[in-house]
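Please keep the structure open in the viewer and follow the stops below in order. Each stop names a selection and then describes what is found there.

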Amino acid sequence: SEEFGRADAEQISKMIQEFAAAYNAKDVEKIGTYFAGNSSVMPANRSTLNGVEAVKGFYNERVNVDGATDLEIQMQSVNGHGPLAYYAGTFSLNLKPAGGPERRDRGKVIWILRKLAGQWKFEYQIMSSDLPPVVPPEPAPPAK
């Protein structure tokens with residue numbers, strides 16, 4: 001089996017930057033191409049999503065409903081063995097939802113990747129915010 005080398009690390013780092021560019025362009029179809037068919041996304045504060053269609057649904061909601069934009073990813077480490085690799089980093093982005101206040105988010109991300117037919121693909125993604133979850137305001141009590 002092929003050993004994981006510098007070319008693999010560089011291919012993964014380039015792919016992450018392309019992923020961020022697709023995210024900022026709200027190109028959900030392109031985002032989907034970076035994920036393996038059986039991939040899973042484990043978002044903060046909700047259950048795991050399995051399969052590319054569910055992953056694309058998550059990203060569609062993220063960029064078009066939550067108004068996520070200006071995603072930046074900083075690598076902490078990328079390493080692997082044979083056809084498996086991991087990428088650990090930090091992220092920051094802005095959220096500009098259509099009827100709500102803008103806010104900044106930042107946190108950490110881990111991708112587990114698998115090399116399939118010579119191409120690295122995301123198999124698992126875990127992202128979590130460093131900031132406390134935003135609690136929606138309590139509805140006003142009905143007028144008496």
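In this tour, buried means under 20% relative accessible area, exposed means over 50%, and partly exposed lies in between (1.4 Å probe, protein chains only). The model is predicted: local features need pLDDT of at least 70, side-chain atom pairs count only at pLDDT 80 or more, and totals for chains, interfaces and linings use all residues. Residues are numbered from 1 along each chain as its sequence is written, and side-chain values use heavy atoms, with hydrogens and water left out.

**The sheet**

Helices (H or I, at least four residues) and strands (E, at least two) are DSSP runs numbered from the N terminus. Two strands pair if DSSP finds at least two bridges between them.

Select the strands. They form an open sheet of 6 strands in the order S2-S1-S6-S5-S4-S3, and the pairing is mixed. Strand S2 (49-50) and strand S3 (68-81) are at the edges with a single partner strand each, so one side of each has no neighbour in the sheet.

Next, select residues 103-116 and 119-129. These are strands S5 and S6, which pair in the antiparallel sense over 10 bridges. Within this pair, Leu113 stands opposite Phe122 in S6.

**The helices on the sheet**

Contact here means heavy atoms within 4.5 Å. Axes are lines fitted to C-alpha atoms, for helices over the stretch in contact, and angles run from 0 to 180 degrees between N-to-C directions.

Select residues 6-24, helix H1. This helix lies across S1 (35-42), S3, S4 (84-95), S5 and S6, and runs at about 165° to S3. Then select residues 52-64, helix H3, which packs on the sheet and touches S1, S2, S3, S4, S5 and S6. The direction of H3 makes about 50° with that of S1.

**The salt bridges**

A salt bridge is a side-chain nitrogen of Lys or Arg within 4 Å of a carboxyl oxygen of Asp or Glu. By this rule the count is 10.

Show Lys56 and Glu29, whose closest N and O atoms are 3.0 Å apart in a salt bridge. Lys56 lies in helix H3 and Glu29 in helix H2 (residues 28-32), so the pair ties together parts 27 residues apart in sequence. Which of the two is buried and which exposed? Lys56 counts as buried at 12% relative accessibility, whereas Glu29 counts as exposed at 53%.

Finally, show Lys108 and Asp130, whose side chains meet in a salt bridge (2.6 Å, N to O). Lys108 is in strand S5 and Asp130 in the segment after S6, 22 residues apart.
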